[in-house]
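Hello,

Here is the structure you are taking over. My notes on it follow below.

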Amino acid sequence: MSAVDLTPQPGTPAAGATRPKSGRGGFGRYLLVRFLLIFPTIFILVTLVFFLMRLTGDPITAAQGGRLGPAELEQLRAAAGFDRPVLVQYFEYIGRIFVLDFGTTYTTNRPVIEVLLTYGPATFELVFYSLIVAFAVGIPLGLRAAYHRDKPEDAVYRVLAIWWYAVPVFFAGLILKLIFSVWLKWFPVAGRSSVASEIQMQTLPNRTGIYTIDAILTGDPAVIGDVLSHVVLPAITLGLLTAGIFLRLVRTNVIGTLSTDYVDAARSRGVRESRLLRTHAYRPALIPIITVIGLQIALLLGGAVLTETTFEWRGLGFQLAEFLENRDFIAVQGIVALLAVIVAVTNFVVDIIAAFIDPRVRY
Amino acid sequence: MTATTPVATMAPQKRRLVDRLPVVHQLRQSVGLQRGMLVAGLVMIAVFVLSAAFAPLIAPFGFAQRSVDGESFGTQQPPSAEHWFGTTVGGYDVFSRVIWGTQTTLLVVVVALVLSIFIGVALGLYAGYFGGWLDRVLVVVCDAIYAFPSLLLAIVLSIVISGGQSNLWGGVLAAAASITVIYIPQYFRVIRAEVVRIKAEAYVESAKVLGASNSRIIFRHVFRNSTRTLPLIITLNSSEAILTLTALGFLGFGIEPTAAAEWGYDLSKAQSDVTSGIWWTAVFPGLAIVFTVLGITLVGESLNDLADPRLRGRRRVAQAAGQVAETSVVPGGTLTAGPGGIDGLEGGDSIEQHGIEVRP
Amino acid sequence: MSIVSIERLGVSFATDQGAVKAVDDVSLSVSPGEVLAIVGESGSGKTVTAKTILGLLPETATTSGAVILSNREGTREHDIISLDAAGLRAVRGTDVAMVFQEPSTALNPVFTVGWQIAEGLRAHGDVSKAAAREQAIDILRRVGIPDPEHRVDHYPHQFSGGQKQRIVIAMALVLNPGLIVADEPTTALDVTVQAEILDLLRRCRDEFGSAIVLITHNMGVVADLADRVAVMYQGKVVEEADARTLFSSPKAEYTKALLAAVPYVGHGTVHAAERAAARADDWHDATPVVQATGLEIEYPGRFGRAAFQAVRGVDFVIRPGEVLGLVGESGSGKTTIGRAIAGLTKATGGSLQVLGHEMVGIRERAFRPVRSRIGFVFQDPATSFNPLLTIAECVAEPLVVHGRAHDARAARARVDELLEAVQLPRAYGDRYPHELSGGQRQRASLARALALEPELLIADEPTSALDVSVQARVLELFAELQREFGFASLFISHDLAVVDLLADRIAVLYRGRLVEEGTGAEVLGAPEHPYTQRLLASLPVPDPEAQAARREHLRALKEAEH
Amino acid sequence: GCSAGGGGGDQGGGASTLTIGTTEQVTALDPAGSYDNGSFAVMNQVYPFLLNTPYGSPDVEPDIAESAEFTSDTDYTVKLKEGLKFANGNDLTSSDVKFTFDRQLDIADPNGPSSLLYNLDSIETPDDLTVVFHLISPNDQIFPQILSSPVGPIVDEEVFSADSLTSDDDIIEGKPFAGQYTITSYSFNELIAYQANPDYEGLLGPAETEKINVKYYTDASNLKLDVQEGNIDVANRTLSATDIEDLRGNDNVKVVDGPGGEIRYLVFNFNTMPFGATTAEADPAKALAVRQAVADLIDRDAISEDVYKGTFTPLYSYIPAGLTGATESLKGLYGDGNGQPDPDKAAERLAAAGVSTPLDISIQYVAERYGPSSSDEYAIIKDNLESSGLFKVNLQSTEWVQYSKDRVADLYPAYQLGWFPDYSDADNYLTPFFLTENFLANHYDNPEVNDLVLEQATTADPDARTALIEEIQDKVAADLSTIPYMQGAQVAVVGKDVSGAEKTLDASFKFRYAALSKG
Ligand SMILES: Nc1ncnc2c1ncn2[C@@H]1O[C@H](COP(=O)(O)OP(=O)(O)OP(=O)(O)O)[C@@H](O)[C@H]1O
Ligand SMILES: Nc1ncnc2c1ncn2[C@@H]1O[C@H](COP(=O)(O)OP(=O)(O)OP(=O)(O)O)[C@@H](O)[C@H]1O
Ligand SMILES: [Mg+2]
Ligand SMILES: [Mg+2]
């Protein structure tokens with residue numbers, strides 16, 4: 001999870017300081033620079049993780065520490081090459097990264113790429129649906145709160161937003177499960193699909209791992225319904241947390257733009273208040289909002305651990321925690337590298353979206 | 001009124017004292033609902049801090065106490081006269097642990113904030129002011145850390161820092177330090193951005209023109225002016241620290257229950273209680289978390305709103321004409337302009353005097 | 001019949017400091033097709049009065065009195081003050097429209113200008129998209145935007161400042177309202193552009209028949225455009241008169257003072273000649289304090305873009321005790337030169353000698369000792385003071401930095417002297433910058449610049465943020481101090497009249513090049529370069545009759561150019 | 001109504017399908033690449049074993065073997081049944097058996113169980129049905145047990161790679177199964193669908209239920225809710241004590257208990273414990289008194305009832321009840337002689353040894369490794385020790401990997417460990433612990449015990465061996481290398497209409513899905 005940044009981070013690309021003001025070519029170049037920045041980001045993260053992980057122990061101790069004596073452990077460690085100097089191991093790893101060989105996990109003996117392909121889609125799907133909830137709830141309520149600022153309605157929304165954010169995810173998830181699964185029996189307790197649907201989807205020749213798509217591929221409405229019903233509670237749990245953040249973000253920024261001269265100018269031309277809010281104030285406010293939302297999405301991808309645990313949603317975050325616990329260096333490094341790519345790419349995409357909203361950048 | 005009378009020179013200083021106390025000043029400024037929210041938040045924080053300070057007096061039992069006079073409390077006892085909030089699966093008194101939990105939480109928040117502010121601000125000042133390759137490297141590194149899922153970073157760090165140990169200080173330091181590492185980039189970003197902005201301000205340039213040394217410029221001119229956004233971030237990060245601590249507790253990296261009371265730990269231990277109809281072991285620590293985060297966030301949000309003149313609400317003037325003194329005028333041309341006569345008029349940037357400013 | 005009539009208007013605001021009364025018992029009226037100018041110093045309530053006409057006051061305002069607004073035909077009347085939201089919306093744009101001061105902030109950056117113009121049309125009736133676009137193109141053409149069919153789809157940032165203001169005016173005109181309220185429509189613009197916008201406004205009245213409420217503090221603009229003038233002071237209208245009458249025989253004390261404070265081009269010539277005469281014979285041979293030869297200054301491009309050359313091959317000298325005035329339009333490189341002399345921006349080519357040091361390629365460390373010999377007065381007095389230090393501490397700063405005093409306390413005696421030298425009571429030293437007025441701050445700024453008794457003072461538009469009357473006081477003070485301390489000075493301004501008052505010689509900068517240099521009499525009396533000529537002609541003089549003549553002259557000049 | 005959830009139990013063929021939930025995790029399906037309960041649980045269903053434990057007994061008998069016996073001191077000969085086939089149609093011959101164990105030793109994966117083959121020298125296959133294991137040390141009574149342990153699943157040489165681990169996908173594709181079940185659908189740690197293997201003709205008999213689905217959980221409370229709501233039929237390993245207690249009162253489900261092989265014990269480091277060999281005031285007699293005093297004070301009933309609600313039971317010896325040779329050696333020696341704590345006795349002991357009290361002692365436990373209740377467990381132990389006034393306990397918990405490193409680095413004077421057996425024989429609770437070279441590395445060194453442990457492993461006569469095992473327990477109980485105090489029960493929660501769980505919750509500690517049936 002991350003801080004709720006209501007303030008557009010001045011260091012982020014949308015802030016005027018780092019954004020080229022205008023001029024064709026400048027923007028393309030800027031994007032190129034942003035794109036190239038992905039690589040040092042990955043490199044730094046992987047390096048950081050590499051050394052941090054070596055400080056925390058090794059997978060062999062993690063797995064066998066309760067069964068083997070020190071001598072045997074040492075022997076196994078030597079066999080696995082963990083007794084070599086860390087720098088040697090590091091350069092070896094980096095060397096392999098360069099040829100895009102992310103290695104094989106120690107604990108489950110699966111290629112890291114495969115791990116990413118299995119769990120990435122799960123996280124992606126969860127984040128996707130949560131964002132739908134977050135957007136559907138956060139933005140309209142944020143607009144309403146801005147419009148009714150400092151009225152009781154605004155206060156209600158704001159307290160709600162903070163509340164969503166303050167309740168620990170695992171606790172909120174538990175309560176939702178009790179209400180909607182146990183008492184009302186509307187939704188399943190946890191998991192991504194029922195056993196029957198899972199087995200049916202298993203038979204698909206090329207599974208995507210995104211259950212919604214897989215369910216549609218089976219063409220069985222029961223499976224589709226089943227998969228969707230599994231999405232509801234986790235999406236709401238994670239979605240509301242994010243919605244709280246969006247709500248506050250939209251509110252602050254829209255109130256800001258509502259007091260600008262151009263909104264006053266539009267008002268002086270007789271434009272309706274509701275239209276002022278939805279069009280004249282909202283659109284410009286979107287630029288800083290989008291930037292923070294972009295960061296938020298990136299953080300969601302790696303930060304959904306608690307939701308994933310609570311709802312049996314085996315995604316990257318959960319898996320990463322698991323690998324961490326087992327000190328599976330290779331897997332952790334691989335997943336972190338992927339997350340870094342996702343974060344960097346998201347930021348990159350957000351820049352492009354922001355540019356489309358903000359003509360000052362586009363032209 | 002002439003400027004040379006003592007009254008005239010005293011007046012601004014008096015206001016200054018109050019102005020300088022960040023929250024008090026904002027409290028005085030606020031009106032209506034905004035004040036209501038700020039006050040509510042402050043009250044909640046006060047309750048939290050007071051509970052922490054007077055935990056030994058408030059809590060009927062120790063946080064690791066399982067029995068009194070050799071008589072065990074019993075586990076998972078429902079709320080009763082002896083145990084207002086019941087007892088936990090470990091046989092502790094829930095009420096006492098909720099109260100003692102404030103101490104742990106406060107400790108973590110304070111340590112985390114102190115560490116991240118010091119380091120983050122120092123780095124931000126340095127990088128923002130001098131720029132250059134170090135700045136670029138720091139920016140990229142901080143962005144990279146930002147991309148790392150913070151909770152997992154906290155886990156790794158808690159392992160590295162305390163060797164996975166969870167006595168009180170080990171646990172507190174691990175949680176705090178891991179939170180620190182996550183927040184340093186944030187403080188860094190914010191301070192750096194402020195510094196970059198302030199560096200271009202005329203008063204810094206004027207100091208440069210005077211030939212002041214870099215360290216003098218940084219400390220005398222840049223530093224204090226670049227900390228305006230801190231109160232807001234501090235509140236945000238306090239909430240985050242609490243939630244991170246909670247999550248660490250949930251994932252098993254919490255603080256050992258006989259070393260300190262910690263809400264997240266209690267809450268995670270109460271998971272299976274809830275599904276078994278034992279609500280009291282989870283609800284109270286859960287509410288304590290929500291209450292505290294709510295309080296801190298309310299204050300943070302209110303400070304944010306109050307700092308921005310556009311977001312700040314003001315008391316309505318009831319009577320339109322007549323009664324109001326004519327303070328509206330700049331006695332422009334005269335050399336002996338009355339004191340305070342032009343407050344807040346020129347340039348529209350009277351926000352300079354407030355604690356923080358956040359431009360949406 | 002009047003198109004708007006304001007009766008006993010009072011407006012108060014809720015602020016952090018309590019209630020503030022902005023407008024007190026103001027009554028005014030405007031007839032169809034008339035231009036009413038409202039003048040008065042900053043904060044006197046002009047904008048508030050104007051916004052009341054549109055019912056645009058913020059929620060924190062409370063009003064009393066009445067504002068009766070009629071439509072162009074005079075067929076309906078509304079009291080704006082008591083009108084509900086829907087009613088207000090209906091009259092806004094149709095009966096009255098507004099032109100804002102800063103064209104760049106009055107346009108929504110994320111919508112095309114065509115869309116924004118059409119928005120106003122569509123808010124008041126069923127206009128099809130195509131029809132609205134047609135009308136938008138038409139109005140853009142009529143306010144003089146070239147190639148409107150194409151430009152209608154452009155975004156605000158793709159227009160120049162003057163064009164943006166034309167677009168804002170087009171938006172006001174598109175529904176053909178009976179009244180246009182223009183709040184300082186030209187303050188953000190260069191004089192040359194200002195002249196064009198004033199022309200456009202005049203056409204609005206003549207061709208569209210709109211009445212205009214024009215708010216300004218520039219008496220030249222008033223003289224150029226207004227039929228009638230209302231003078232506001234402290235929230236009240238202190239005088240209302242026909243334009244010519246007002247200029248020829250002002251009645252209110254304040255009006256008189258205001259008119260007297262307005263600088264005229266040519267006033268300084270005599271004074272400069274006196275000073276020149278007083279100089280020693282060998283003065284011309286003294287080593288110049290500043291000497292630029294072929295000076296070039298580049299700003300490095302971002303993200304690998306080409307560097308921007310702000311100053312291209314400029315030559316000038318400033319001799320001891322001499323004031324060089326530097327004028328030119330916005331962005332011509334004036335500030336850049338000033339900063340280069342002070343070592344804030346690197347000079348990248350040619351040569352720049354400052355107090356015997358070559359600035360091209362100089363290192364900060366080598367230059368630092370020289371700094372005590374240079375003073376710098378910044379354009380904006382509000383931002384050039386550290387808001388957390390008292391005035392005394394700020395003024396003591398140079399003394400402390402250069403070891404003349406141990407700390408601010410020790411320097412206090414000298415600070416008090418300095419403050420008194422700039423005619424600020426010493427008690428002001430204990431205040432914080434925001435507790436001073438603009439003029440006071442600018443004086444404190446002077447005191448700080450003079451603290452080390454510099455040989456060279458760079459003043460970058462030191463009065464442009466100030467009101468005319470305050471400006472007059474500061475300029476007077478500057479002149480006095482210059483006489484007393486005898487420093488050489490680079491005085492930067494975009495206002496020819498101001499420079500003329502102070503400078504021994506004037507240099508005109510145009511797009512990074514020095515196009516003309518000479519004494520005030522030479523440059524202003526007989527300008528040679530077409531740009532200087534146009535600049536001079538664009539400057540409206542605060543005298544309606546003279547201004548009418550100058551307007552003709554400017555038109556002739558422009559036609560000659562084409 | 002809308003509870004499209006979980007189900008499975010009611011879908012897809014009525015009583016012939018059963019859904020099981022578990023929170024265990026699989027690491028790999030390749031027997032050479034995993035050595036953990038979760039993976040072994042799967043292997044037990046699908047791979048054949050030469051020897052296996054029949055329902056209801058801890059002792060091994062031939063499974064897919066016709067016979068298995070020592071043909072000389074160091075030769076253990078196994079004869080396979082005839083006509084064995086893998087589900088993919090490949091023949092299962094002695095060559096597969098040799099391949100299985102050779103590859104274990106060749107690969108020797110750090111995550112694998114190859115260390116269990118410590119006594120295997122080589123394998124000979126005189127014919128298709130005969131396998132001769134040449135052992136290093138003679139008369140190894142443990143070896144038959146080893147063949148039923150995680151290192152024992154027999155794999156198909158045509159599917160598995162000889163020198164590297166085989167991926168799950170290749171295994172699923174290759175169908176090298178010959179246990180009671182085959183896997184028909186596999187998604188890693190989410191769902192495994194089993195289908196009864198009609199060709200299995202081993203010791204355990206055919207499966208009761210045609211199709212079994214196993215759903216993997218990460219969070220025990222979800223498992224609990226699902227079994228309580230009837231979304232799954234069986235919940236096995238590991239529900240929290242609170243959940244189990246709650247479910248005991250639930251009419252929709254039955255809670256089935258069985259003996260468990262899991263034990264919890266407190267280890268003393270003989271070097272660094274108070275008065276240990278490397279401390280400033282080293283004194284073996286005082287150190288022993290300290291250990292004994294601790295043993296006197298631990299209140300096993302309180303832990304069992306308060307913390308585990310009966311899902312763990314008091315353990316008074318090194319070998320858990322249910323295994324051949326288990327005694328209750330500590331019961332008579334410590335406390336009040338009836339398994340209850342006795343502070344006075346502890347005080348006496350310490351006084352007699354001249355230990356001044358209260359004595360500072362540090363105890364470490366590991367946070368999550370042995371379930372979420374460890375902290376409560378140790379809170380009670382701390383309470384027990386401190387309320388006697390004899391000890392001041394500095395209790396700390398440490399994250400597992402660090403813990404594993406620290407404990408063997410002599411950093412912990414006294415610490416918690418748990419043990420889950422590799423095979424259900426008393427030896428597995430003695431050899432690893434009390435030989436001079438043991439995995440605890442706690443510097444316990446009693447040559448007599450060392451010799452006895454080695455001796456029981458090679459004593460062929462069962463009664464003589466049992467006597468030796470009992471003697472070892474008594475001796476160690478006197479030395480107190482460790483203090484065992486808890487024994488886990490196996491608990492499964494099943495739907496009302498599910499039967500068979502009682503049958504498989506036996507001292508083999510293998511949960512066999514084939515025993516379960518519904519309806
Ligand atoms: N929103 C507001 N809240 C509080 N006070 C305000 C507000 N708007 C204007 N005022 C006050 O009302 C008075 C008149 O302001 P107004 O903007 O009309 O001045 P002005 O004559 O237009 O000055 P300028 O020439 O600087 O634009 C000033 O004292 C100003 O501070
Ligand atoms: N830091 C900078 N980086 C790049 N370009 C700059 C920078 N500062 C100024 N410029 C450009 O250099 C040119 C000259 O700017 P300068 O500030 O000297 O103009 P000026 O004459 O002082 O204008 P004004 O009257 O508006 O103050 C302008 O085109 C400006 O955009
Ligand atoms: Mg104004
Ligand atoms: Mg300038």
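**The site around ligand 2**

In chain C, β12 (308–318) and α13 (334–341) each contribute at least two residues to the shell around ligand 2. Please keep in mind that this is a predicted model. Of the elements in that shell, α13(C) gives the largest share, with three residues.

The residues around ligand 2 include C:Tyr299, C:Phe308 and C:Ala310. Sorted by class, the shell holds three nonpolar, six polar and three charged residues.

- The side chain of C:Thr335 has an N or O atom 2.5 Å from an oxygen atom of ligand 2.
- At C:Ser332 the contact is with the backbone, where an N or O atom lies 3.2 Å from an oxygen atom of the ligand.
- For C:Glu461, an N or O atom of the side chain is 3.3 Å from an oxygen atom of ligand 2.

How much of ligand 2 does the protein bury? On its own the ligand exposes 640 Å², and 60% of that is buried by the protein.

Chain A has 17 helices and zero strands. Its C-alpha atoms fill a box of roughly 80 × 55 × 40 Å along the principal axes. Of the 363 residues in chain A, 64% are buried.

The largest nonpolar core in the model consists of 213 residues. The residues with the most contacts inside this core are A:Val254, D:Leu29, D:Val42, D:Tyr47, D:Ile183 and D:Tyr194. Helix α6 (residues 112–147) of chain A supplies the largest share of the core, 16 residues. Domain 1 (25–107 + 326–363) and domain 2 (119–325) of chain A both give residues to the core, so it lies between them.

**Backbone points to look at**

One joins D:Arg237 and D:Thr238, with omega at about -5°. D:Thr238 sits in the loop that runs between β11 (234–236) and α6 (241–248) of chain D. The other joins D:Thr357 and D:Pro358, and here too omega is about -5°. D:Pro358 is found in the loop between α10 (343–353) and β14 (359–366) of that chain.

There are also two residues with positive phi to note. A:Lys185 is not a glycine, yet its phi is positive, near 55°. Where in chain A is A:Lys185 placed? It belongs to the loop between α8 (169–183) and α9 (195–202). A:Lys185 has a relative accessible area of 37%, so it counts as partly exposed.

C:Arg8, likewise not a glycine, has a positive phi of about 45°. This residue is in strand β1 (residues 4–15) of chain C. Is C:Arg8 buried or exposed? With a relative accessible area of 56%, C:Arg8 is exposed, because exposed means over 50%.

Regards

How values were computed: Residues are numbered from 1 along each chain as its sequence is written. Chains are lettered from A and ligands numbered from 1 in the order in which they are written. This is a predicted model: local features need pLDDT of at least 70, side-chain atom pairs count only at pLDDT 80 or more; totals for chains, interfaces and linings use all residues. Side-chain values use heavy atoms; hydrogens and water are left out. A residue is near a molecule or strand if one of its heavy atoms lies within 4 Å of it. A polar contact is a pair of N or O atoms within 3.5 Å; within protein, one must be able to donate a hydrogen and the other to accept it, and residues adjacent in sequence count only if both atoms are side-chain atoms. Accessible areas come from the Shrake-Rupley method with a 1.4 Å probe; for residues, only the protein chains shown count as cover. Helices (H or I, at least four residues) and strands (E, at least two) are DSSP runs, numbered from the N terminus. Ala, Val, Leu, Ile, Met, Phe, Trp, Tyr, Cys and Pro count as nonpolar, Asp, Glu, Lys and Arg as charged, and the others, Gly among them, as polar. A nonpolar core is a set of buried Ala, Val, Leu, Ile, Met, Phe, Trp, Tyr and Cys residues joined through side-chain atoms within 4.5 Å. Buried means under 20% relative accessible area, exposed over 50%, partly exposed in between (1.4 Å probe, protein chains only). Domain bounds come from an automatic or database domain assignment.
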